[in-house]
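This report describes the architecture of a predicted protein model. The sequence and structure follow, and the text then turns to individual features.

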Amino acid sequence: MITTLDTYRRKRRLVEALSTAAIVVMPFLNIFRLDVPTLRFYFLNKVLWVDEFYLLFLAMMLLLWVIVMFSMLYGRIWCGWMCPQTVVSELVRWWEAKTRKLFRVPRSGGALWRRGLSAGAVAAGTAAVSLLIGFNLVAFFVDPVSIIRDIASGSLSAVTGGIIAGIAALVLADGLFWREKFCAKACPYGMMQMLVTDGRTQIVRYETERAQECIECKACLRVCPMGIDIRESPYQSECIQCGECVDACTQILARMDKPTLIRFSWGTQGKTGSGVAGRLGFVDAKRWIMFALTVAYSVLLVLLIGIRQPLALSVSGDRSTLFRKGEDGRIYNDYTLNVSNRSMSDGEFSLVCVQSSSSPQCTLHIARNPVPLKSREVRSMRFSISTGGENLRPGPNRLILKAMNVADTSVSANTEAVFFMPESAGAL
Ligand code: SF4
Ligand code: SF4
């Protein structure tokens, strides 16, 4: 006896709910987000900066690699089980059925006003969902909390608001008019995945060797959201592996005590793999090698992100004056300092100048020291270094500027500052 608990539809609804929840919370938790206003990339709640582009590149390559491996293993299952496009299509279809019931609209015909009310409710519901999707998509590029704050205070910028509205309009058109037509005709992922699949990729397969058992009920055809007949071929690019035809055939043939004629299968082997790994699609060495490479790549990326400096420091000298002599008789050089707190917590950072380990006689002059920096804050400020000239030669000398988190001395950074000494300090 088949129960709803056994159906692929039920499992798919659960996966759709979980993947939708993941996509919604991802920008809020900075798991994967490119913040365009500040040109920073958030990955696993760590912030990467433009000068750490190699990490961003490696993260993108990992994402691409995972997509390729996933497609090779499971074919187009993303489309049927996780893609927001499919979720929107099914949500609108469900809402359509609800409004038809609510306004008592028959399958064909019916009073015009009832049909109008039903269509209006469908459009309003789809528009509301579309706006939420527009917000969620923009949240991957602009801080979602600041968007909400701006909406609440009525100060949302015209650009951000316009982009959200534009995306919402496209999603609305998609939900009302295109739906699975987009998946079949225009989706680039759908076209791409055909390139990476092989003879052992998961497919939905009609068991042609048992074709004489088919009772031609066409239930598999009626339930297919893509409008295809899976009996014609398991390699139809439109198939999004939703499993609806599997459920339909299973339920029809169960009445005759027969097993389904349509199943998920690893290629045309005609059976699923054995054991946990086999059932997950690891049915040959090629898949295990790709999996091992993915794990190694992921570990390397996490290590690289883990060892990166949480504090960055750079100094540029004021070359319009090179040097000046103070009233105290010391030589001064002026600089601009750029310091950025790349960690996820606020802190105070003390700055010191070091001339050499044996004679640290240089002195740093800055409006405020230690410098308070919020998490991910960058600050640019003017400062000067003065020395009495001891152990320095005329012309450029290399001094070290050190910054250190007052509360955690393991967080520190050094940079060089070129200090110009005159030929003769006394001649100035
Ligand atoms: S053929 Fe079956 S699995 Fe493929 S899209 Fe149609 S119903 Fe879904
Ligand atoms: S649902 Fe099964 S029995 Fe009915 S037409 Fe499809 S394959 Fe044949």
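How many bridges join strand S13 to S14, and do these strands run parallel or antiparallel? Strand S13, which covers residues 395-405, is joined to S14 by ten bridges, and the two run antiparallel. Within this pairing, Ile400 stands opposite Glu416 of S14.

Both strands belong to an open sheet of four strands, arranged in the order S11-S9-S13-S14 with antiparallel pairing. The edges of the sheet are formed by strand S11 (371-373) and strand S14 (412-421); each has a single partner strand, so one side of each is left without a neighbour in the sheet. On average, and with direction ignored, neighbouring strands of this sheet are turned by 30° against each other. As background, strands of a sheet pair through backbone hydrogen bonds, in either a parallel or an antiparallel manner.

**Domains**

The protein is divided into domain 1 (4-30 + 75-195), domain 2 (198-272) and domain 3 (311-427). Between the C-alpha centres of domain 1 and domain 3 there is a distance of 54 Å.

**Helix packing**

Helix H4 (residues 84-102) packs with helix H5 (residues 112-138) at an angle of about 150°, and their axes lie 9 Å apart. Because angles over 145 degrees count as roughly antiparallel, H4 is roughly antiparallel to H5. The crossing in which H4 passes H5 is right-handed.

**Ligand surroundings**

The model contains two ligand shells for which the composition by residue class can be set out in a table.

| Shell | Nonpolar | Polar | Charged |
|---|---|---|---|
| Ligand 1 | ten residues | two residues | one residue |

Ligand 1 is surrounded by 13 residues, of which Cys224, Ile230, Cys239, Cys242 and Cys245 are the closest.

Around ligand 2 there are 14 residues, and those that come nearest are Cys214, Cys217, Ala219, Cys220 and Cys249. Which helices each supply at least two residues of the shell around ligand 2? They are helix H10 (219-223) and helix H11 (244-254). The largest share of this shell, four residues, comes from H11.

Key
Residues numbered from 1 in each chain as written. Chains lettered and ligands numbered in written order. Predicted model: local features only at pLDDT ≥ 70, side-chain atom pairs only at ≥ 80, totals over all residues. Pairing = 2+ DSSP bridges. Axes fitted to C-alpha atoms, helices over the stretch in contact; angles between N-to-C directions. Near = placed C-beta within 6 Å. Nonpolar A, V, L, I, M, F, W, Y, C, P; charged D, E, K, R; others polar. Domains from an automatic or database assignment. Parallel < 35°, antiparallel > 145°, perpendicular 65-115°, else oblique. Left-handed = near helix turned anticlockwise from the far one by under 90°.
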